[in-house]
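Please go through these notes with the model open beside you.

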Number of protein chains: 2
Amino acid sequence: MIDDKVIFANIVIEDDRIKYIGDKIDKYKPFDVVYDCEGNVIMPGFKNAHTHSAMTFLRSKTDDTSLQDWLFGSVLPREDHLKENDVYELSKIAFLEYLTSGITACFDQYYFPMSTAKAAQEMGMRVVLLGTYNKEFDLVQKLCDIYHKLNDKDGLVKYCLGVHAEYTLGEGELEKVVEACHLLKAPFYTHISETEKEVRECYEKRGMSPVQYFEKMGAYYYGGGGYHCCYFSDEDIQIFKKHGCYVVTCPGSNTKLASGIAPISKYLENGLNVAIGTDGPASNNSLDMFKEMTLVYALQKVSLKDPSALPAFEVLKMATVNGARAMGLYDSDVLDVGKKADLIEIDLSKPNMQPINNIINNIVYAGSKDNIKMTMINGKILYKNGKFYTKEKPAKIYEKCQKISERIEKELEY
Amino acid sequence: MIDDKVIFANIVIEDDRIKYIGDKIDKYKPFDVVYDCEGNVIMPGFKNAHTHSAMTFLRSKTDDTSLQDWLFGSVLPREDHLKENDVYELSKIAFLEYLTSGITACFDQYYFPMSTAKAAQEMGMRVVLLGTYNKEFDLVQKLCDIYHKLNDKDGLVKYCLGVHAEYTLGEGELEKVVEACHLLKAPFYTHISETEKEVRECYEKRGMSPVQYFEKMGAYYYGGGGYHCCYFSDEDIQIFKKHGCYVVTCPGSNTKLASGIAPISKYLENGLNVAIGTDGPASNNSLDMFKEMTLVYALQKVSLKDPSALPAFEVLKMATVNGARAMGLYDSDVLDVGKKADLIEIDLSKPNMQPINNIINNIVYAGSKDNIKMTMINGKILYKNGKFYTKEKPAKIYEKCQKISERIEKELEY
């Protein structure tokens, strides 16, 4: 059950899962480790339901341009120089950043997804990869193989299917991915209706909206979702509702690239599921769920001229439980017995949490990254009191990524 | 000179001021304290150019309502129960919060301003009080006396004149404050054009906009500024320009209360000075300049459908140098020899600052409170590595404020 109840209790964790929540902990003793939360809040970790983690190399390098100029003029030419190992290194900066914001899982779409997977496994980050049809996975069977390989075991890395976007589809690409979705009974995800231009050109080309096109092609037969969703028609909304698809809103990216404001309150009124993503660090430029939550409620309240629109608890559910379910992480959605120990500690001893009149409103309306005292993924503390407990030291990761960023810039000059 | 140059240098500080910036520091040796910034960025502290610090007791208690309901239905009835000492205690939580966000000065308007002053002096916070005509200062002479008392010495607390707003003016109040402004050659500040309702009703009542009314009454003869400024007409813009008045935009409050989006890019194009304020913790609910900077650029880019609107450096200037000048703090505006040592250290070793492609864009587009490694006001380090170096322990302050908040709630029930 999802409620806004804040209770006093102990949490017993065994390996990667929650074994017990309550006061009667004697029968679980002795404990290997006892962690005193000193009256702070323990809650499910935030779920970043749309990102391109390895784009850290482009942070603050491609600012203040439109999505089209940004993508085709600045991002893609640089991405041409990306190597497999670059993605492995560059993803790690993003994973560190997720930990500082209490993000315990991300839904990642990028080149060389297996490099992102390798980084996630080494760092202890939970990742759902959005696998697409590409050079690496150019056959339906290969997509199915990797899908089984990653999803059939209880690991940190999971795999979903999708495409980049309607406007970048290659010849036969969608058909193959949809075939794989049907074979696997798998949901389908893609960037969708992010800009007015995208939707207008889809109508010109196909006589219908991107959502209608993907439905017509059978993509949503087993559900799924869309990233951005700024420009859904009423018919698009009904299609998403019919298939139980998730809207993943990315207000940091949509404002910075001036793409638009997704009508989230309207989607909720129509019964859609909504989750939140940061998008990649090249278009946002931060990977911070507090920033995204702020923008989600701020944009709805001000654009609807309704201060009661999208109250705090709705936003908090989007950033946690809805995000998990959008990514298929049904084991990491809430704090309950048997669920994964993917949780965070909110530091109430920081001044922005005081006085404590309403904890949930404090977190959503006043919270920030400096309230993240501890981040635990899969039962392991990876971040505590500003320090990382990952395998590799941050300074080493930064050094390697700075070199990659500078190398690509040099290669671009030639 | 204000530029976006990032240089490597040493800063020599003597007492409360910057004595030297550069490499030739030998002649200033020996030093009492040497602080190694380890390659991090030192920059002027943020200036919170509009707030009501002591409203911390109302945080998360009055959410999701319109400005009018919020103010008249929820805030004012509770404020009736505020005592002088409450304001002293409640201000301290806000001051701690400013330190965590690298805010080194605030422009504060509230009841019992001398209680806020006392808290600021004890905590080491720099405050400019907006003194208004009220029970405490019911004569022009009293306003002039306190103005001289606080401004004639080089202290942490300064004093400006103004009123709350056009729509809450008492009989003869404005005339007396304007008389004091003229006697003192002092600028004038007020909440202004915050909501459509306020502007519409001013036209109905006075046949002109609030800005036109205050100008007609001679309030802007020595300059000043306005808080919020969401609904300026072209004529209002010209009036502000003519008098060199400052627009203080408060996007956190304006979005949460659904008041509107101030057309900041238009103001800048018309040559207005723009600074940024958080507004009080009851309407925002946080006191975080990173959040405000995000909202400032996000709202302009998306509302103008122009991703190049309001680039990072413009926003950073608003949050620092413009804020200082809006508050009359010409000694705390930039880092230069002879200026006050009001400065902050930005931690570049956090993942959101990596790689370092563009430091200013990193700070504005990706920064957050967890990048504030150190906050110094008046030459004193008050916050470092998440710890406060203030006279009173935070836990003690929180305890007293929680009691005040609960006491007022109880009094309200009777």
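1. In which crossing, left-handed or right-handed, does H2(B) pass H14(B)? The crossing is left-handed. That term applies if the near helix is turned anticlockwise from the far one by less than a right angle; clockwise is right-handed. Helices here are DSSP runs of H or I with at least four residues, strands are runs of E with at least two, and both are numbered from the N terminus.

2. This is a predicted model: local features need pLDDT of at least 70, side-chain atom pairs count only at pLDDT 80 or more, and totals for chains, interfaces and linings use all residues. Residues are numbered from 1 along each chain as its sequence is written, while chains are lettered from A and ligands numbered from 1 in the order in which they are written.

3. Look at residues 84-100 (H2) and 394-413 (H14) of chain B. Their axes come within 9 Å and cross at roughly 130°. Axes are lines fitted to C-alpha atoms, for helices over the stretch in contact, with angles from 0 to 180 degrees between N-to-C directions.

4. Which residues of H2(B) make the contact? They are B:Asp86, B:Glu89, B:Leu90, B:Lys92, B:Ile93 and B:Leu96. H14(B) contributes residues including B:Pro394, B:Tyr398 and B:Ile404. Contact means C-beta atoms, placed from the backbone, within 7 Å.

5. Now chain A. Its secondary structure comes to 14 helices and 15 strands. The C-alpha trace spans about 65 × 45 × 40 Å along its principal axes.

6. In chain A, 73% of the contacts with a separation of 6 or more join residues 24 or more positions apart.

Notes: Contact = placed C-beta atoms within 7 Å.
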